[in-house]
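Visitor: I would like to learn how to read a structure like this one. Please take me through its features in turn.

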Amino acid sequence: MYRKGSPYLFLAPYLILFFVFIVVPVAIAVGLSFTNFDAIQRPQFVGLLNYVNLFTQDLIFLQHVLPNTIIFSMIVGPGGFALAFFVAWSLSQLSKGPRTVMALLMFSPSLTTGVAIGVVWRIIFLGNPQGHLNAFLLNWGFITDPINFLANATFIMPIVIVVALWSSMGVGFLAMLAGVLNVNPELYEAASIDGVKSRLQEVFYVTIPSMKPQMLFAAVMSIVGAFQAGTIGVVLTLSNPTPHYAAQLMVNHIEDYGFIRFEMGFASAVSVVLLGIIYGFSATSRKLFKDD
Amino acid sequence: MTKTNPKGFAKNQIPLYLYLIPLAIFMAAPIVFIIFHAFKPMDELFMFPPRFLVYRPTMENFNALFRVAAGATVPVSRYVFNSVVVTLAVVFSTVVTASMAGFALSKMHFRGKIALFTINNLALMFVPVALQIPRYMTVAAIGIENTYFAHILPIVATPVIVFLIKQFMDQVPDSLIEAATVDGAGAWRIYLGIMIPMVRPALATGAILSFQMVWNNIETSALFTTSESIRTLPFYMSTLAAAGGIAGQGMAAAASLIMFVPNLLLFIVMQSRVMNTMAHSGLK
């Protein structure tokens with residue numbers, strides 16, 4: 001350990017930027033959430049009114065945004081996390097060459113931009129016969145008329161979930177792959193002597209317990225990824241709100257109120273609720289993967 | 001029994017391949033599709049039934065992309081220039097500030113160290129898209145709207161990069177630092193002479209994560225700038241994609257490909273260093 005020198009000098013550049021662009025915005029969001037603010041006049045203090053309105057008056061939030069967010073985040077967060085673990089665990093049992101190539105293929109969607117995601121998936125799900133999925137279904141006689149997937153309330157949400165899962169193998173996936181590969185092989189031998197028989201038992205009694213810290217890191221990354229991915233619906237349908245509010249998530253609701261209706265105070269209250277939900281997910285992961 | 005990292009192929013790997021290969025195809029297909037689409041001539045873009053493959057590859061879409069841009073108020077070269085400047089500045093600043101902070105958090109003693117690391121871990125959850133309004137207000141208050149700083153400063157502080165570099169630095173033996181201290185080395189010499197060379201994989205990982213964030217970033221252009229001449233390439237691409245139409249599709253695919261290729265190449269070059277860093281990514 002180095003005892004002399006000036007730790008604060010080393011920390012200062014990062015901490016200043018961290019404070020200004022992460023801490024301050026969170027504080028502003030919390031502050032504004034108690035006000036009525038239209039971005040022109042001074043914010044007026046209204047107490048908890050925005051929160052009360054959000055949970056009692058905002059029918060779009062209650063009927064569409066909240067249930068959509070819960071469904072989407074449950075499937076893409078924990079679901080995406082479980083999928084990434086399963087893929088990482090499977091890949092770890094291949095030899096180095098094929099494993100590296102496959103890991104790269106799995107990770108490649110994370111390298112694409114939101115715009116590229118929109119471009120490619122829009123072409124696949126296009127509502128006319130030129131759309132690839134429609135062409136396929138027409139060609140094989142499953143349907144007689146093209147389906148307007150991206151304007152149809154039944155299809156939008158499942159499509160958004162598939163696309164979000166597609167792009168969910170990010171940094172967390174890489175961390176888990178490294179984690180599975182680093183599990184000491186002797187532990188599996190010891191476990192088999194102790195009577196652990198199936199692979200599934202090995203996963204739960206050996207693999208996961210010996211890589212809990214990586215699991216937690218990956219879980220946090222999955223949660224953040226899931227909420228970041230909330231913009232996919234707007235990218236695919238090119239409209240906010242999404243048609244029939246079918247894929248309207250809290251992230252889109254914030255943008256709708258903040259930048260389209262300029263109700264910044266109300267939008268900030270939604271932001272604060274969203275941060276609370278993200279924190280809840282992350283605290284749950286901490287409990288699950290606490291290293292003791 | 002689970003056998004990780006086998007030397008070569010064995011029969012018991014067949015079931016794994018049976019589901020991993022289809023999944024890998026599903027993951028990679030949209031990207032391969034973008035590549036084909038970008039090179040399709042107009043008649044193949046309009047073709048019914050649409051085809052996945054390209055039959056007569058052309059550069060038409062790329063040419064059109066640059067032609068449209070030339071007719072607009074700002075030439076596409078300006079967006080490219082802005083993107084390159086901003087990307088270089090962000091990647092460099094991120095790696096420097098994060099490695100300095102990581103060094104202090106990993107190897108120095110000071111009051112509040114554990115608290116700071118805990119706060120940083122908490123900030124791993126930070127989702128910028130949820131806080132667009134206050135972030136905009138902060139940028140406006142500092143007065144850096146419509147400057148390069150508006151693209152650079154808001155995204156330099158990245159908690160996950162500090163976290164990964166700090167974890168990697170924890171692996172550097174303290175005895176090395178003690179020996180250097182005995183020889184009279186100061187904090188800066190230890191940082192530059194010992195830590196930086198020893199944690200190169202983590203720095204490379206930090207650089208690549210930062211590159212992905214800034215190279216693909218639309219938010220800073222959309223929120224923090226109003227002048228076209230200061231905006232970046234991904235933002236321009238997003239306006240093309242939104243313009244729609246079949247011809248727009250081809251151009252948007254070409255644009256997406258231009259954005260994607262540097263990302264992919266960088267990752268391929270750095271992948272072993274990234275995996276090396278990820279081995280120390282445990283969060284407690």
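Visitor: What percentage of the 292 residues of chain A count as buried?

Guide: This is a predicted model, and everything below is computed from it. Of the 292 residues in chain A, 53% count as buried. In chain B, buried residues make up 55% of 284.

Visitor: How many helices and strands does chain A have?

Guide: Chain A has 14 helices and two strands. Its C-alpha atoms fill a box of roughly 75 × 70 × 35 Å along the principal axes. Chain B has 14 helices and zero strands, and the box for its C-alpha atoms is roughly 75 × 65 × 35 Å.

Visitor: Which share of the contacts in chain B, among residues at least 6 apart in sequence, joins residues at least 24 apart?

Guide: In chain B that share is 71%. For chain A, residues 24 or more positions apart account for 64% of the contacts with a separation of 6 or more.

Visitor: How should I read the packing of two helices?

Guide: Two packed helices are described by the angle between their axes and by the distance between those axes. The crossing of α4(A) with α1(B) is left-handed.

Visitor: Which residues of α4(A) and α1(B) make the contact?

Guide: From α4(A) come A:Pro98, A:Met102, A:Leu105 and A:Met106, and from α1(B) come B:Tyr17, B:Leu20, B:Ile21, B:Leu23, B:Ala24, B:Met27 and B:Ala28. By class, the residues of this contact are 11 nonpolar, no polar and no charged.

Visitor: What would a case within one chain look like?

Guide: In chain B, the axes of α4(B) and helix α11 (residues 200-215) come within 9 Å and cross at roughly 140°. That makes α4(B) oblique to α11(B). α4(B) passes α11(B) in a right-handed crossing. On the α4(B) side, the contact residues include B:Val86, B:Val90 and B:Ser99; on the α11(B) side, they include B:Leu203, B:Gly206 and B:Trp215. The residues of this contact divide into nine nonpolar, six polar and no charged.

Visitor: How do I read a pair of aromatic rings?

Guide: A ring pair is described by the distance of the centres and the angle of the planes. A search of the whole structure finds 29 aromatic pairs over all chains. In one of them, the rings of A:Tyr8 and B:Phe110 have their centres 5.4 Å apart and their planes at 70°, so the pair is edge-to-face. The pair crosses between chains, from helix α1 of chain A (residues 7-32), which holds A:Tyr8, to the loop between α4 and α5 of chain B, which holds B:Phe110.

Visitor: Are A:Tyr8 and B:Phe110 buried or exposed?

Guide: A:Tyr8 counts as partly exposed, at 48% relative accessibility. B:Phe110 counts as buried, at 14%.

Visitor: What does a stacked pair look like?

Guide: The rings of B:Tyr79 and B:Tyr236 have their centres 4.7 Å apart and their planes at 15°, so this pair is stacked. B:Tyr79 lies in helix α4 and B:Tyr236 in helix α13 of chain B, so the pair ties together parts that are 157 residues apart in sequence. B:Tyr79 and B:Tyr236 are buried.

Visitor: Which residues do ring pairs link into a cluster?

Guide: The cluster links A:Trp121, A:Phe125, A:Phe149, A:Phe155, A:Trp166 and B:Phe26.

Visitor: Finally, how would I read one residue, such as B:Thr220?

Guide: Start with its element, then its accessibility, then its contacts. B:Thr220 is found in helix α12 of chain B (residues 219-224). At 3% relative accessibility, B:Thr220 counts as buried. Leaving aside neighbours within four places in sequence, B:Thr220 is in contact with B:Ala150, B:His151 and B:Thr225.

Technical notes: Residues are numbered from 1 along each chain as its sequence is written. Chains are lettered from A and ligands numbered from 1 in the order in which they are written. This is a predicted model: local features need pLDDT of at least 70, side-chain atom pairs count only at pLDDT 80 or more; totals for chains, interfaces and linings use all residues. Side-chain values use heavy atoms; hydrogens and water are left out. A crossing is left-handed if the near helix is turned anticlockwise from the far one by less than a right angle, and right-handed if clockwise. Helices (H or I, at least four residues) and strands (E, at least two) are DSSP runs, numbered from the N terminus. Contact means heavy atoms within 4.5 Å. Ala, Val, Leu, Ile, Met, Phe, Trp, Tyr, Cys and Pro count as nonpolar, Asp, Glu, Lys and Arg as charged, and the others, Gly among them, as polar. Rings of Phe, Tyr and Trp (its six-membered ring) pair if their centres lie within 6.5 Å; planes under 30 degrees apart count as stacked, over 60 as edge-to-face and the rest as tilted. Buried means under 20% relative accessible area, exposed over 50%, partly exposed in between (1.4 Å probe, protein chains only). Axes are lines fitted to C-alpha atoms, for helices over the stretch in contact, and angles run from 0 to 180 degrees between N-to-C directions. Angles under 35 degrees count as roughly parallel, over 145 as roughly antiparallel, 65 to 115 as roughly perpendicular and the rest as oblique.
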